Amino acid sequence: MADEVTVADPTQDASAPKISKGAVAFLDILGFKGMWQSTHPANLTAQINLISNMVAKVQKNVIKEMSTKLDIEANPDQLNFNLLSDTFIITVENEDLSLALFFVVQATQDLILHFALFDDVKPPNLPPARPLFLRGAISTGWFYRKNNMYIGEAIDDAAEWFNQPDFVGAILTPRTGYFYRKLLNDPPKNPNRLLIKYTTPTKKGKFDLYCVDWINRYIALYPHKKFDLKDLYSKFIQNGNISPGVVSKYQNTDEFNKYCLERKT
């Protein structure tokens with residue numbers, strides 16, 4: 001009979017670097033890399049300022065809202081944002097994976113909707129920045145984070161999936177989707193109103209995945225704006241020419257948001 005193999009929990013090894021449990025999101029900014037070669041410096045300044053302002057706003061709002069909703073004390077240090085070239089990395093370190101997932105899902109949701117639809121947070125005396133469209137993936141598990149170093153199972157899982165969705169939005173990785181399904185019977189600490197199950201278009205085909213419902217979040221936050229899908233279409237147009245490689249993402253985003261809006265009514 002073969003010896004039984006025990007897999008060690010890396011978060012419990014006192015001699016190792018501090019490894020945390022929590023949740024992580026990788027979000028790709030579509031078309032961001034090539035922008036630097038073709039954009040006027042003044043517009044680049046506006047874009048950088050927009051990114052900085054939006055991240056600070058989202059971090060502050062999410063921390064405040066989650067502290068209220070979950071009746072916990074939270075601080076900005078618990079919700080970390082990093083931008084590496086064209087990729088946002090959001091992390092929350094917490095032993096309670098459901099809580100960490102809740103925070104990261106809401107931060108992802110708010111970042112997607114603000115960058116796609118907002119145009120009122122821009123520096124004065126500069127041209128308006130173009131909308132930024134994000135797509136990515138969210139995972140839970142253990143990871144090690146120090147400065148710009150990210151290692152661990154949650155990092156690998158999110159990194160494998162973040163550039164697969166063929167729309168503007170974010171998914172739970174399949175592994176995290178199964179973890180989330182276990183939370184559905186624990187309403188106080190699961191993001192059940194932030195996610196929607198959807199037959200999601202990806203580079204490898206369509207899969208039934210849990211997706212971040214960012215369009216209904218926008219409507220809930222800003223009811224006075226009387227959102228219409230035409231508002232999103234105008235952002236697609238504002239973002240420049242629509243190439244054959246991009247059109248499927250816009251069409252799939254439109255279909256996903258229609259699905260979310262229909263499910264809400």
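1. Is Ser234 buried, partly exposed or exposed? Ser234 counts as partly exposed, because its relative accessibility is 38%. The cut-offs, found with a 1.4 Å probe on protein chains only, are these: buried is under 20% relative accessible area, exposed is over 50%, and partly exposed is in between.

2. A word on the source. This is a predicted model, where local features need pLDDT of at least 70, side-chain atom pairs count only at pLDDT 80 or more, and totals for chains, interfaces and linings use all residues. Residues are numbered from 1 along each chain as its sequence is written, and side-chain values use heavy atoms, with hydrogens and water left out.

3. Ser234 sits in helix α7, residues 229–238. (Helices are DSSP runs of H or I with at least four residues, strands are runs of E with at least two, and both are numbered from the N terminus.) A polar atom of the Ser234 side chain lies 2.6 Å from the backbone oxygen of Asp231. Ser234 and Leu117 are 117 residues apart along the chain, yet their C-alpha atoms are separated by 9.5 Å.

4. Look along α7. Leu229, Leu232, Lys235 and Phe236 are buried. They lie on the same side of α7, because they cover an arc of only 110 degrees around the axis. That arc is taken from the directions from the helix axis to the C-beta atoms. The face turned away from the buried side carries the exposed residues Lys230 and Ile237. At the start of α7, a side-chain oxygen of Asp228 comes within 2.8 Å of the backbone nitrogen of Lys230.

5. Now the core. The largest nonpolar core has 76 residues. Such a core is a set of buried Ala, Val, Leu, Ile, Met, Phe, Trp, Tyr and Cys residues joined through side-chain atoms within 4.5 Å. Phe88, Leu111, Phe115 and Trp214 have the most contacts inside it. Helix α3 (residues 97–117) gives the largest share, 14 residues.

6. Next, a helix pair. Helices α4 (residues 153–161) and α5 (residues 174–183) pack at about 115 degrees, with axes 9 Å apart. The axes are lines fitted to C-alpha atoms over the stretch in contact, and angles run from 0 to 180 degrees between N-to-C directions. From α4 come Glu153, Ala154, Asp157 and Trp161; from α5, Pro174, Arg175 and Thr176. Contact means heavy atoms within 4.5 Å.

7. Finally, check Ser85. Its phi is positive, about 60 degrees, although Ser85 is not a glycine. Most residues other than glycine have a negative phi. Ser85 lies in the loop between β2 (80–84) and β3 (87–93). Ser85 counts as exposed because its relative accessibility is 52%.

Conventions
A polar contact is a pair of N or O atoms within 3.5 Å; within protein, one must be able to donate a hydrogen and the other to accept it, and residues adjacent in sequence count only if both atoms are side-chain atoms.
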